[in-house]
Amino acid sequence: MDQIKYEKLRIKEAKELKRREKQSKFKENKFYLIYLFMILSLVFITDEIASTISIQFQSNIVNEFFVQNMGMEYGQGLSIFSALGFITYPVSLLMVLYRPLADKFGRKPFLVINTFCMALGLFIVYLSQEIVVYMIGGTLMGFMVSHDMQAVYILECSNEKNRARNYSLVKSIAILGTLLIPLLREILMQNISSKWHLVYLVPALIGFALSFIALLCAKETNTFLVNRIKYLRTPIEERERKSKEEKLNNSQGGIISAVKFAFKHHQLRWLIIACIFFYFASLATSSYNTVMAESAHMTEEEITYALYLYPVGNALFTFITGIISDKFGRKTTIITMGLSSLICYSLFIASSMLNWTPFLTGFFIGGFMGSYWGAGDTIGSIMFSESAPTNLRSSVTVINTLLNGIIGGVASIIMMIVVPLIPVEYFGYFYLSLTIPGLAGAVIVMLRRIGETKGLDLTKVTGLEWDKKRGNQNHE
């Protein structure tokens, strides 16, 4: 590093160090964590709505843009709608540059930006009258939803004993907040299919307000500040003298550093393999509206009733996930919730196809979503975070998000090819058949290759702990 660059970097880091030390001296009052978690719960509601709203209106979207506007059959329209998702992949790949920035610049800026942009995406979809505008809004929502900065906040602001419980509690509250969708279906949409756009407006306005509240009220996480201050206090010359391995372990974010780190260490390497299996089962999570509307021929009113119980089942099983995780461990949680998701989806198909009450149908698909993503969050959000050092934590979780997109894309290709050949009455059984091998593979990898992460202190995790354990086992 030449002298001019060195001097500029030294001045820049000195200014940042002063600012970070000032942030770290902020004295939290005894109510800070309570109102922080309240803010994070509300942000999570926006995230959950942005994640699920397009799924819950899938049949309305396909019918308007493809069946009515283009004269297609529903199966053909659904296949093309799925194919359009691949157009957004180049935008989604920007996450490899965007998300690791939180390891360098902090968690708070991205909590605010992500919430604002999710709201903007919802608002664009509200305005959409053609598929191109819808795709712009949907792409923006999907990109921001994938970053889950509120989840990083929860994990880094919780102690090691209650980390999973706090995460599941906040997420459960957020899921219950999605009761807003069926309520708005009834009040604004009035169960008239063509008015589905209106439901997007209210959560968009809520999201805009929350981004402003987060800007004013949330502070940077102590976990990030401690790690960043330690890095900035280390003289630049000392950092330059470190070995290649030490530089990798102390890298301040970046997807390349994260990927190198993950594949170099046993725990993260096998977590990646478990995720590959797990996300093959994800197709069932995005198509339940089609199963209800097209396979089971439920009316708009019946679907609305089902969606009132959907968040109840989802929130209940999400909360149960956190209780099991902190009490019995992460691996037990994944096995239990994987089995629960299969049972709930089977009951969802039975309830919808046999015309049981729509309230039960909604509860069972909610139970499936809570169980499946409870296991998914345990692998992808909690265990990835607990298996990586603070300086690479946000960057490493990008790998999980990329895996979700890539494997989900492969599953979508399968759907594009197979779905037009399947009678709509059998869609639910097809989706169920995809969940079994994926979940089974993830559970086997989890049992045989991955170490438990329950109770770890996130400020002390290096990612090397499981390498040493494997080495000791092999030596013995």
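Buried residues are those under 20% relative accessible area, exposed residues those over 50%, and partly exposed residues those in between, computed with a 1.4 Å probe on protein chains only. All views show a predicted model, in which local features need a pLDDT of at least 70, side-chain atom pairs count only at pLDDT 80 or more, and totals for chains, interfaces and linings use all residues. Residues are numbered from 1 along each chain as its sequence is written, and side-chain values use heavy atoms, with hydrogens and water left out.

View 1. Rings of Phe, Tyr and Trp (its six-membered ring) pair if their centres lie within 6.5 Å, and planes under 30 degrees apart count as stacked, over 60 as edge-to-face and the rest as tilted. The structure holds 23 such aromatic pairs. F363 and F364 form an edge-to-face pair, with 6.2 Å centre to centre and 65° between the planes; F363 is partly exposed at 22% relative accessibility, whereas F364 is buried at 13%. Y372 and W373 are likewise an edge-to-face pair, at 4.9 Å centre to centre and 80° between the planes. Y372 counts as buried because its relative accessible area is 1%, while W373, with 22%, is partly exposed.

View 2. Ring pairs link F57, F65, F66, F81, Y134, W196 and Y200 into a cluster. H197 is located in the loop between helix 12 (180-189) and helix 13 (201-217), where helices are DSSP runs (H or I, at least four residues) numbered from the N terminus. With 8% relative accessibility, H197 is buried. Leaving aside residues up to four places away in sequence, H197 touches E64, F65, V125, Y126, S128 and Q129, a contact meaning heavy atoms within 4.5 Å.

**View 3. I49 in helix 2.** I49 belongs to helix 2 (residues 32-56) and counts as buried because its relative accessible area is 2%. Not counting residues up to four places away in sequence, I49 touches G177, T178, L180, I181 and P203. One of these residues, I181, is 132 residues from I49 in sequence, yet the two are 7.7 Å apart in space, C-alpha to C-alpha.

**View 4. A14 in helix 1.** A14 lies in helix 1 (residues 3-24) and is partly exposed, at 41% relative accessibility. In sequence A14 and L232 are separated by 218 residues, and in space by 7.7 Å, C-alpha to C-alpha.

**View 5. A nonpolar surface patch.** L339, I343, L347, L354, W356 and L360 make a nonpolar surface patch of about 550 Å², and helix 21 (residues 330-353) provides the largest share of the patch, 3 residues. Patches are made of residues with over 30% relative accessible area and no salt bridge, with like charges joined within 9 Å and nonpolar side chains (Val, Leu, Ile, Met, Phe, Trp, Tyr) within 5 Å; a salt bridge is a side-chain nitrogen of Lys or Arg within 4 Å of a carboxyl oxygen of Asp or Glu. Accessible areas come from the Shrake-Rupley method with a 1.4 Å probe, and for residues only the protein chains shown count as cover. L354 sits in the loop between helix 21 and helix 22 (358-386) and is exposed, at 55% relative accessibility.

**View 6. Confidence along the chain.** The protein chain averages a pLDDT of 82, and 94% of the residues score at least 70, pLDDT being the predictor's confidence in each residue, from 0 to 100. Where pLDDT is low, the predicted coordinates should not be read in detail.

Note on methods:
Helix = DSSP H or I, 4+ residues; strand = E, 2+ residues; numbered from the N terminus.
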